[in-house]
Amino acid sequence: MRISLFTLMAFLFAGGLHSAFASPSVFPIPGSGFGPMSPAVADLDGDPSNGLETVIATSDGTVQVVSSAGTVLWSANTPNKDCAATPSGDKIHSSPVVGDLYGTGELYVVVGYGGFRGKPCDGGVIAYRGATGATAWTFSIKNWSQKQRFFAFRHAVYGTPTLADVDRDGKLEIGFGSFDRNVYLLNPNGSVRWYYNAADTVFPSPVFANVAGDRNLEMIMGTDISGNSRLRPPTKDGGFVYAFKAAVDVENGKKFLFRSPEIQVWRRAFNQVMQASPVVADILPDSAGLEVVVGSGCFFPQGGADRRGKWYRILSASTGRVLKTLAVSACTPTGAAVGDIDNDGVQEVVVSVSGASSAGGDGVSRLIAWRPATNQVLWSIQPRLGTRTDSLGGHYRRVPVIADLNGDGAKEVLVNYQAGVVIVAGQSGEQLSCDSSPCTKPILRTDSTLQGSPVVADTNGDGILEIIVPGRRNRQNALIRWNNPL
């Protein structure tokens with residue numbers, strides 16, 4: 001499957017605002033810019049007295065760790081940084097993640113790398129020691145494809161790797177998909193435990209959960225698929241969502257062929273590419289077990305704006321059966337947020353929906369809170385930042401974030417929108433950040449379009465939550481941090 005122009009737009013578009021704004025802390029960061037990545041926050045140096053560190057990745061192939069005071073503690077390059085065949089803004093699209101890979105108490109930073117362009121350039125996953133930035137190991141997809149002698153469309157890992165202890169041995173495995181058309185599970189040391197040929201590109205991140213009723217975890221993952229009449233049975237244009245047996249007992253490096261039943265708990269076909277990362281939660285009180293929330297992507301049909309996949313769906317995590325559907329105005333390759341935002345004891349699903357005409361939208365982005373248990377929309381709003389709207393509000397992997405920002409027991413919903421962050425009351429959908437100009441509400445603005453999700457954390461240990469985004473201020477890259485403005 002070719003990469004669509006709509007997908008490429010997700011990291012080429014930029015904009016700005018010129019209204020009054022809440023004053024943040026701004027820490028300059030070297031690098032060429034940020035793609036659809038979000039930061040990761042953790043105590044990487046093992047010293048809680050100096051707060052938490054923030055890990056960010058820049059699109060030019062650099063991973064950096066910043067102290068709570070804004071100092072860059074270490075900086076490291078991904079293996080593709082100096083490959084001239086890929087532009088400098090197309091080296092990383094994956095967010096960094098942090099985990100204790102070996103169960104020893106030492107934290108590692110793990111990030112995927114590789115771009116849309118430049119097939120000669122490498123892609124894969126790299127792990128750094130969290131305290132120093134020294135490379136712990138690298139999994140090169142280019143080297144793996146040459147060793148295993150298979151065709152790779154590209155070597156890039158676009159989605160964020162997910163860490164999980166799939167077999168309950170106290171160590172973390174690493175799951176991800178690649179443009180080389182495979183889904184991978186790595187051992188903690190970066191060696192391949194198994195990989196599955198998905199027969200097409202893989203964009204989203206996986207999620208791990210116990211859905212098969214045993215002690216181990218399964219991997220839930222979406223993939224693309226193009227129609228192929230030569231396969232038996234033939235495939236149709238669309239995508240799949242799988243539940244893989246992550247802890248399957250096989251020899252390291254085992255390859256599973258497309259549709260292999262040995263690795264699958266279930267597989268569900270859809271008529272659109274599946275590029276939104278799934279979420280697993282207990283959403284439907286009257287349904288046994290866990291559920292999976294999935295959105296689609298935006299590719300089929302090619303050559304027109306009337307795209308399929310204008311929905312978010314709830315699947316049974318144990319069978320993959322579709323249980324509920326929320327119809328939306330456009331196909332939106334962005335994951336959902338799940339939480340009890342109105343304190344009624346039942347979880348809601350919050351989604352950010354694109355308004356782009358190329359996604360089948362009507363020009364207006366929407367933020368929607370849905371009650372799957374009753375099939376009701378709790379609220380639906382058109383976010384605003386100052387006087388500006390953003391037709392691409394549901395793109396760039398702008399997953400909403402649910403948090404109690406000021407500790408009053410009421411949940412807020414945050415979403416990166418245009419060149420800033422919008423805050424909405426979970427109970428009512430009222431926009432709590434500035435939605436007109438002039439206004440008395442806070443406006444959380446940067447100087448460039450934000451493409452990932454905000455992070456909410458208390459990095460300096462003062463008991464006050466901060467809102468953290470990578471963006472641009474004063475014509476330079478920066479880590480931007482607002483103390484709770486509410």
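This is a dialogue on how to read some features of a predicted model.

Colleague: Which rules apply to the numbering and to the values?

Modeller: Residues are numbered from 1 along each chain as its sequence is written. The model is predicted, so local features need pLDDT of at least 70 and side-chain atom pairs count only at pLDDT 80 or more, while totals for chains, interfaces and linings use all residues; side-chain values use heavy atoms, with hydrogens and water left out.

Colleague: How many cavities of 30 Å³ or more does the structure hold?

Modeller: Rolling a probe the size of a water molecule over the atoms shows where empty space is left. A cavity is a set of points, on a 1 Å grid over the protein atoms alone, where a 1.4 Å probe fits but cannot get out. Grid points are joined across faces, edges and corners, and a volume is the space filled by probe spheres set on the points. The structure holds 2 cavities of 30 Å³ or more.

Colleague: Which residues line the second largest cavity?

Modeller: Lining residues have an atom within 4 Å of a point. Here they are G114, G115, R117, G118, K119, C121, D122, R154, H155 and A156. By class, 2 are nonpolar, 4 polar and 4 charged. Ala, Val, Leu, Ile, Met, Phe, Trp, Tyr, Cys and Pro count as nonpolar, Asp, Glu, Lys and Arg as charged, and the others, Gly among them, as polar.

Colleague: Is strand 21 mostly covered or uncovered, and which strands does strand 21 pair with?

Modeller: Strands are DSSP runs (E, at least two residues), numbered from the N terminus. Two strands pair if DSSP finds at least two bridges between them. Buried means under 20% relative accessible area, exposed over 50%, and partly exposed in between (1.4 Å probe, protein chains only). Strand 21 (residues 311–316) is mostly covered, with 5 of its 6 residues buried. Strand 20 (residues 291–295) runs antiparallel to strand 21, joined by 5 bridges, and V294 stands opposite R313. On strand 22 (residues 322–327), also antiparallel to strand 21 with 5 bridges, L326 stands opposite Y312.

Colleague: Where do cis peptide bonds occur?

Modeller: One joins R232 and P233, with omega about -5°; P233 lies in the loop between strand 15 (218–225) and strand 16 (238–244). Another joins F300 and P301, with omega about -10°, and P301 lies in the loop between strand 20 and strand 21.

Colleague: Which residues other than glycine have a positive phi, and are they buried or exposed?

Modeller: N375 has phi near 60° and is found in the loop between strand 25 (366–371) and strand 26 (376–381). N375 counts as partly exposed because its relative accessibility is 45%. N474 has a phi of about 55°; its relative accessibility is 60%, so N474 counts as exposed.

Colleague: Which residues of the largest nonpolar core touch the most other members?

Modeller: In soluble globular proteins, nonpolar side chains tend to be buried together. A nonpolar core is a set of buried Ala, Val, Leu, Ile, Met, Phe, Trp, Tyr and Cys residues joined through side-chain atoms within 4.5 Å. Of the 23 residues in the largest core, V166, V183, W194, Y196, F208, M219 and F244 touch the most other members. Strand 12 (182–186), strand 13 (192–197), strand 15 and strand 16 each supply at least two residues of this core.

How values were computed. On a 1 Å grid over the protein atoms alone, a cavity is a set of points where a 1.4 Å probe fits but cannot get out, and a pocket is an open set with protein on both sides within 12 Å along at least five of seven lines; lining residues have an atom within 4 Å of a point. Helices (H or I, at least four residues) and strands (E, at least two) are DSSP runs, numbered from the N terminus.
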